Structure formats: C-alpha cells, structure tokens
Amino acid sequence: MTSLLSISPLCLTIVIALSLTCLDGTRAFAFAPTQQYTSFTRHNHKYTSFTQINASAEDEISTSESSNGNMPVKTRTPKVSNRSKSVSSFKVMDILRRANELQQAGHSVIHCEVGQPESGAPSTVAAAAVESLSSRNVMGYTDAFGLLPLREKISQHYRKKYDLDDESVHVKKIVVTTGSSGGFLLAFTACFDVGDTVAVASSGYPCYRNILGALDVNLTNVKINDEFKLTAKELKAEIMFRRENNLKEINGLILSSPSNPTGAMLSPEELKGLCELCDEEGIQFLSDEIYHGISYGKKEASALTYSSNVIVLNSFSKYYSSK
Ligand SMILES: Cc1ncc(COP(=O)(O)O)c(C=O)c1O
C-alpha cells in the first residue's frame with residue numbers, strides 16, 4: 001500500500017498531462033468546481049469525456065474517449081478515498097524524483113536523498129538472481145510468508161548474531177516482504193485499529209507517520225533527549241502526561257535504532273529498559289533494526305533479546321552490499 005500511495009500522485013500527474021494534450025483543439029468543456037461533473041466534447045469525430053473530481057487539494061482530471069464516434073455512455077468516476085487524499089507525500093521521494101529528472105536532463109547531480117549503500121548487491125547475490133531468473137524452473141508463487149530457505153537463513157543469522165534461541169526467531173515467525181516498508185504496513189494492520197495511538201520519536205523516520213496516518217492511527221510525538229534518544233524515561237514521561245490529561249493510552253511504539261535521521265543508537269541496557277516498559281504497559285513495540293551493521297563499532301542489541309512480544313523489522317536495503 002505504501003508503494004501504491006506513493007505511486008498514485010505520479011499517476012495523477014500523468015493523467016493530467018494526457019488530458020491537457022487531448023484538450024488541444026477541442027470545442028468546449030465544462031467543470032463544476034464543487035462536485036463531480038462530467039461533460040463531453042467532440043474533436044476529430046471522437047467524443048472525449050472530462051471528469052473533474054472535487055478533491056480537497058488538487059483537482060484530478062481524467063479523460064476517456066469513445067473509439068467508434070458514438071456518444072459515450074455517461075460514467076461517474078469512482079470516488080477517491082479521503083484516506084488517500086489526506087496522506088502527504090514522502091518528501092524524500094519527491095526530491096529523488098526531481099533529482100532524477102535533472103540528471104536525465106543532463107545535469108550533474110550528487111545524490112544525498114535516500115540512504116543506500118554506495119555499492120551494488122554482493123556478486124554472489126547478483127549471480128544467484130541471474131541464475132534463478134534464467135533457469136527454466138518456473139519460479140511461481142512462494143509461501144505467503146516467503147521462500148522457506150530464505151527464512152531459514154534469516155533465522156540462522158539472527159540466532160548467530162544476537163545469540164538468540166531457536167524459539168524467539170523460529171522460521172514460522174519470519175515474514176519476507178518487499179522492503180521493510182511493506183513490512184510496516186502488514187505489522188501496523190496486524191497490531192493497530194483505527195483510532196489507536198502509536199508513539200513515535202520526534203525526530204524519527206518520517207514514513208512511519210505517512211503509513212500510520214493512512215491507517216487512521218493517531219500519533220503521539222515523544223521528545224528525544226539530549227543524546228537524541230527515546231529511552232524508557234522519555235516514554236514513561238509521555239505515558240504519565242497522557243494519564244494526567246485523560247488522553248488515550250498508548251497502544252504502540254515504533255522506533256529505529258540506530259535512528260534515522262539522528263544516527264543515535266540505544267545501548268543494550270537502554271533497549272532492555274524500553275522493552276520492559278512496553279511489556280509492563282501492554283505497548284506493542286516495533287523495533288526497526290534496519291541500520292544494524294552500520295554502528296561504527298558500537299555493540300548492537302536486538303529487541304528480541306529482551307522481549308518475546310516485540311516485532312522486529314529489518315531489510316536488505318541498507319547494510320547489505322558488495323563490500
Ligand atoms: C529507519 C528506516 N526504516 C525503514 C526504511 C525503509 O526501508 P526499505 O527500503 O526496506 O523499505 C528506511 C529507509 O530509508 C529507514 O531509514
């Protein structure tokens with residue numbers, strides 16, 4: 001859904017661009033500003049319908065043409081969900097798109113927008129992908145949770161790296177998704193209902209807000225401390241503040257450590273304290289461990305070490321490259 005939401009504005013841009021091209025030379029068209037309205041115009045013996053939906057921010061225009069020269073049947077454009085209109089774009093992707101446009105136009109661009117390794121996928125991984133795609137074996141559907149051998153390797157990696165027991169990272173608990181962003185959506189829908197409250201660090205990775213907002217989950221910003229960290233102390237203060245002010249209880253917490261954007265990483269003791277507080281308070285902790293491996297010699301801990309209730313999210317997008 002994340003990708004759908006981020007793709008939609010682009011599709012609309014394309015639709016608008018096409019409409020403007022089609023409009024050239026037409027005789028008449030009409031838009032009603034406050035409601036959905038469709039009118040038709042004739043151009044080169046073809047009828048084109050123009051539909052404007054009264055969207056909150058930008059107007060969305062779509063066109064359709066009849067191929068046989070007959071008056072097309074009047075249609076009503078399906079509604080666009082309020083949810084999709086209320087989600088703002090993920091700014092880093094807007095900047096990336098613009099940078100790519102400039103690059104394509106011949107400008108020299110130094111990319112600092114998205115966090116990703118400088119080098120490509122490890123050569124063994126690239127070779128395995130080529131082999132798999134070019135072999136005559138039909139790849140087909142995998143289990144809904146992903147290829148079993150891959151999940152076994154992930155389980156093995158977590159057991160070895162964090163010294164975890166078999167049960168805490170049993171293969172049946174591992175789900176492979178297209179990026180951790182797909183994982184967030186699945187995890188959020190599995191954990192939270194409309195109107196629930198989820199705590200996020202202020203500052204934190206902005207995309208959590210977009211996805212939680214799209215699901216009508218409320219956010220509470222927890223102030224980070226002087227070391228740019230959200231620890232049990234800061235979360236406890238927020239819990240107490242909400243209780244004293246009769247605000248709704250916090251249902252979840254999502255936090256990346258090391259953090260995007262600050263780089264701050266919780267020590268194993270701080271992570272333990274946070275896990276324990278979440279367990280005491282019945283708060284679902286989602287631990288984003290995507291930047292593990294990029295900790296410049298500092299000891300990393302996984303939330304799985306301290307709680308069996310946590311959901312850990314990780315990804316191949318950051319650390320894993322040819323180096
Ligand atoms: C903290 C954090 N979590 C998740 C993601 C998204 O990762 P993915 O590419 O796996 O969807 C990013 C991307 O920058 C990130 O910074």
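Is F228 buried, exposed or partly exposed, and how many C-beta neighbours lie inside 10 Å? Point 4 takes this up. Note that the model is predicted.

1. **Ligand shell.** The ligand is surrounded by G115, G179, S180, S181, Y205, S256, N260, D288, I290, S315 and S317. Helix 6, residues 179-191, gives the largest share of this shell, with 3 residues. By class, the shell holds 8 polar residues, 2 nonpolar and 1 charged.

2. **Cis peptide bonds.** Please look at two places. From S202 to S203 the peptide bond is cis, and omega is near 15 degrees. S203 sits in the loop between strand 4 (197-202) and helix 7 (207-214). The bond from S257 to P258 is also cis. Its omega is near -5 degrees. P258 belongs to the loop between strand 6 (252-256) and helix 9 (268-281).

3. **D216.** This residue is not a glycine, yet its phi is positive, at about 60 degrees. D216 is in the loop that runs between helix 7 and strand 5 (218-223). Within 10 Å there are 14 other C-beta atoms, so D216 is partly exposed.

4. **F228.** Here is a non-glycine residue with a positive phi of about 65 degrees. The loop between strand 5 and helix 8 (232-244) contains F228. As for the opening question, F228 counts as partly exposed because it has 14 C-beta neighbours inside 10 Å.

How values were computed
Residues numbered from 1 in each chain as written. Predicted model: local features only at pLDDT ≥ 70, side-chain atom pairs only at ≥ 80, totals over all residues. Near = placed C-beta within 6 Å. Helix = DSSP H or I, 4+ residues; strand = E, 2+ residues; numbered from the N terminus. Nonpolar A, V, L, I, M, F, W, Y, C, P; charged D, E, K, R; others polar. Buried ≥ 20, exposed ≤ 12 C-beta atoms within 10 Å, placed from the backbone.
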